[in-house]
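Please keep the structure open while reading.

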Amino acid sequence: MRPNLTKEISIKDFDNYYWLKEELQTFCRENGISASGSKIEIFARIKTYLLTGEIKKPIRKTKINKKIENKSELSLETVITENHRCSQEVRAFFKTIIPKFHFSTYIQNYINNNIGKTYSDVVVAWNVEEERKKDPTYKKNIAPQFEYNQFISDFFADPQNKEKTRKEAIEAWNRIKRLPGSNKYKP
């Protein structure tokens, strides 16, 4: 049976069970820890707290002053800067060029790792990734914080589950997340 998330939980139990982000945030609020950031960041803060009693502050990303930021019109020549944001405005721009455009993990990582390149390069990267997706051996990269998505993807990739429904996949996820240990799908 999964233990309650309290200050008395052992590190082993904390590491061995699946926690919803909302559960982690509630624990943080009850114990004076910042509840902001990604699930991975919050998990790390709680782990530090449980191990040492130290309350770590979240790493603040410097925000640019929007009034100072040069609001130039977006184009294929727009350069990716260190302060680039994947905003609705940027999404709308890319949709004028790629109607099915969305900020996939791949594209977000491409943008974050290619400061100095242009939006034209982003369009090329998008098209290259779309071609890769046509390969039957293509496997989408799912970020580590999306354990549920990874489990469901792996569940349906298992040939034994070919005829199973999404409901059955979710039931399997609900069973495994209550158990200690890894939440990865195992055939």
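This is a predicted model: local features need pLDDT of at least 70, side-chain atom pairs count only at pLDDT 80 or more; totals for chains, interfaces and linings use all residues.

The crossing is right-handed. On the α7 side, the contact is made by Glu147, Tyr148, Phe151, Ile152, Phe155 and Phe156. On the α8 side, Arg166, Glu168, Ala169, Ile170, Ala172, Trp173 and Ile176 take part. By class, the residues of this contact are 10 nonpolar, no polar and three charged.

Two packed helices are described by the angle between their axes and the distance between the axes.

| Pair | Angle | Axis distance | Crossing |
|---|---|---|---|
| α2 and α3 | roughly 45° | within 10 Å | left-handed |
| α4 and α6 | about 60° | 11 Å | right-handed |

**α2 against α3**

Helix α2 spans residues 21-30, and helix α3 spans residues 39-52. At roughly 45°, α2 and α3 are oblique to each other. From α2, Lys21, Leu24, Gln25, Phe27 and Cys28 make the contact. They meet Lys39, Ile42, Phe43, Ile46, Tyr49 and Leu50 of α3. This contact has eight nonpolar, one polar and two charged residues.

Is Lys39 buried or exposed? Lys39 counts as buried, because its relative accessibility is 14% and the cut-off for burial is under 20%. What touches Lys39, leaving aside neighbours within four places in sequence? The partners are Tyr18, Trp19, Leu20, Lys21, Leu24, Gln145 and Glu147. Lys21 and Leu24 belong to the α2 side of the α2 and α3 contact. Glu147 belongs to α7, where it takes part in the contact with α8.

Leu51 also lies in α3. With a relative accessibility of 55%, Leu51 counts as exposed.

**α4, α5 and α6**

Helix α4 runs over residues 88-97, and helix α6 over 119-133. In α4, the contact residues are Val90, Phe93, Phe94 and Ile97. In α6, they are Tyr119, Val122 and Val123. The contact of α4 with α6 holds seven nonpolar residues, with no polar and no charged ones.

Helix α5 takes up residues 105-112. Which residues of α5 are buried? They are Ile107, Tyr110 and Ile111. Seen down the axis of α5, these buried residues fall within an arc of 95°, so they line one face of the helix. An α-helix has 3.6 residues a turn, so residues three or four places apart point the same way. The cover over the buried residues of α5 includes α6.

**Ser120 and two separations**

Ser120 sits in α6. Its relative accessible area is 31%, so Ser120 is partly exposed. Ser120 and Ala92 are 28 residues apart in sequence, and their C-alpha atoms are 15 Å apart. Leu51 and Ser120 are 69 residues apart along the chain, with 47 Å between their C-alpha atoms.

Methods:
Residues are numbered from 1 along each chain as its sequence is written. Side-chain values use heavy atoms; hydrogens and water are left out. A crossing is left-handed if the near helix is turned anticlockwise from the far one by less than a right angle, and right-handed if clockwise. Helices (H or I, at least four residues) and strands (E, at least two) are DSSP runs, numbered from the N terminus. Contact means heavy atoms within 4.5 Å. Ala, Val, Leu, Ile, Met, Phe, Trp, Tyr, Cys and Pro count as nonpolar, Asp, Glu, Lys and Arg as charged, and the others, Gly among them, as polar. Buried means under 20% relative accessible area, exposed over 50%, partly exposed in between (1.4 Å probe, protein chains only). The arc is that of the directions from the helix axis to the C-beta atoms. Axes are lines fitted to C-alpha atoms, for helices over the stretch in contact, and angles run from 0 to 180 degrees between N-to-C directions. Angles under 35 degrees count as roughly parallel, over 145 as roughly antiparallel, 65 to 115 as roughly perpendicular and the rest as oblique.
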